[in-house]
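These are my notebook entries on one protein structure. I set down each item that I looked up, together with the terms it needs.

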Amino acid sequence: MASHLAQRRVLLLPQTPAPPHTDAASSTPDGEVLSLPHPLDGLPAAFLLVPSGLHRLAHEFKSWAIGDSLIVDGSLHVASPFDPLLLLLPILDLQRTKTAESAGRFLQRSDLIYSQDFPGLERLADSMHTSILARICDVQEIEGISTFFRLNDDKALAWLKAKVDRVAANADKLEAFEPLMRHYAQAERVAVKQRLAFDSVAEYLNEKWASLLKTHLGLVDDAQSSGPIVYFDSSAHSKRSGDSKELSASQPSAKKAALSKGQRSIAKASKTGMKPLTSFFKPAPSSSQ
């Protein structure tokens with residue numbers, strides 16, 4: 001009995017309906033675990049694809065008391081909703097091969113996310129309706145041939161700004177922000193909320209897109225905003241839970257700096273033996289437009 005219970009795992013998954021424009025036929029009813037590049041640093045991370053959408057898969061090792069048995073390795077797995085466009089943004093940026101003279105090339109869906117190292121990307125892209133990609137991409141449909149996509153910077157920044165605005169609008173309801181907010185006068189809180197919201201979204205952006213978004217929002221690193229902002233215990237979030245021990249060991253601990261925690265981890269991370277994001281994406285038989 002004890003040996004049977006020792007194999008039990010608990011997964012917490014939000015009960016949310018499948019979003020509009022989801023290709024339900026391409027989604028596995030029981031869910032599918034995918035290894036995908038994290039948008040912050042391109043390192044492999046665990047995600048769960050279910051009919052309701054993409055979820056970030058994480059776990060903490062804890063002990064469980066079930067009946068008269070104590071399960072030492074009672075892993076609790078938590079799946080939280082994750083916007084797939086955050087994950088695809090750096091990939092779409094890379095694949096369009098934008099230059100100073102050109103906005104880049106239009107590519108078919110399969111060519112946009114082709115990667116030998118992350119075959120799950122194709123599985124993810126197949127589950128996404130064209131209207132979802134159109135939120136950050138220009139779309140060209142050639143009747144009888146195919147649909148082509150190219151990342152649009154203006155669309156992407158407007159989409160990211162909308163995320164920041166939503167977080168800022170709900171800042172008063174977020175427990176993580178409460179310890180900091182109480183130290184500011186009411187007149188100062190609007191700016192503080194926006195800064196906190198930006199830092200939250202930047203946790204899922206690489207250095208380039210975090211910088212572009214900061215400029216788009218008109219944020220500056222003045223004496224007040226550039227100081228360390230501690231609104232939760234960063235030691236509990238310094239590693240991405242759910243990844244392999246090797247990946248967790250490669251993540252640096254948080255340090256006080258002017259950047260967000262996610263950006264600080266990139267600045268401090270050792271690049272020894274780490275392949276750049278570009279190395280994961282090799283040319284596929286391309287259908288350029």
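**Entry 1: burial.** I call a residue buried when its relative accessible area is under 20%, exposed when it is over 50%, and partly exposed in between (1.4 Å probe, protein chains only). I looked up Leu86 and found it buried, with a relative accessible area of 8%. I note that the model is predicted, that local features need pLDDT of at least 70, that side-chain atom pairs count only at pLDDT 80 or more, and that totals for chains, interfaces and linings use all residues. Residues are numbered from 1 along each chain as its sequence is written, and side-chain values use heavy atoms, with hydrogens and water left out.

**Entry 2: the whole protein.** I recorded that 41% of the 289 residues count as buried. I took helices (H or I, at least four residues) and strands (E, at least two) as DSSP runs, numbered from the N terminus. There are eleven helices and ten strands. For the surface I used the Shrake-Rupley method with a 1.4 Å probe, where only the protein chains shown count as cover for residues. The accessible surface comes to about 15600 Å², and 55% of it belongs to carbon and sulfur atoms. I define contact as heavy atoms within 4.5 Å. Among contacts with a separation of 6 or more, 64% join residues 24 or more positions apart.

**Entry 3: the cores.** A nonpolar core is a set of buried Ala, Val, Leu, Ile, Met, Phe, Trp, Tyr and Cys residues joined through side-chain atoms within 4.5 Å. Which members of the largest core touch the most other members? I found Leu87, Leu88, Ile136, Leu160 and Leu205, out of 44 residues. Helix α2 (residues 84–95) gives the most to this core, with seven residues. I also noted a second, separate core of six residues, including Phe177 and Leu196.

**Entry 4: two residues and their contacts.** I returned to Leu86, which is found in helix α2. Leaving aside neighbours within four places in sequence, Leu86 is in contact with Pro39, Trp159, Leu160, Lys163, Tyr204 and Leu205.

**Entry 5: strand β4.** I placed Gly53 in strand β4 (residues 53–60). Gly53 is buried, with a relative accessible area of 17%. Gly53 and Pro81 are 28 residues apart in sequence and 7.3 Å apart in space, C-alpha to C-alpha. Leu57 also lies in strand β4, and Leu57 is buried at a relative accessible area of 12%. From Leu57 to Ala79 I noted 22 residues in sequence and 4.6 Å in space, C-alpha to C-alpha.

Entry 6: Most residues other than glycine have a negative phi. I found that phi of Thr97 is near 50°, a positive value. Is Thr97 buried or partly exposed? Thr97 is partly exposed, with a relative accessible area of 43%, and lies in the loop between α2 and β8 (107–108).

**Entry 7: a cavity.** On a 1 Å grid over the protein atoms alone, a cavity is a set of points where a 1.4 Å probe fits but cannot get out, and its lining residues have an atom within 4 Å of a point. The structure holds two cavities of 30 Å³ or more.

Conventions
1 Å grid on protein atoms, 1.4 Å probe; cavity = no way out; pocket = protein on both sides within 12 Å on 5 of 7 lines; lining within 4 Å. Points joined across faces, edges and corners; volume = space filled by probe spheres on them.
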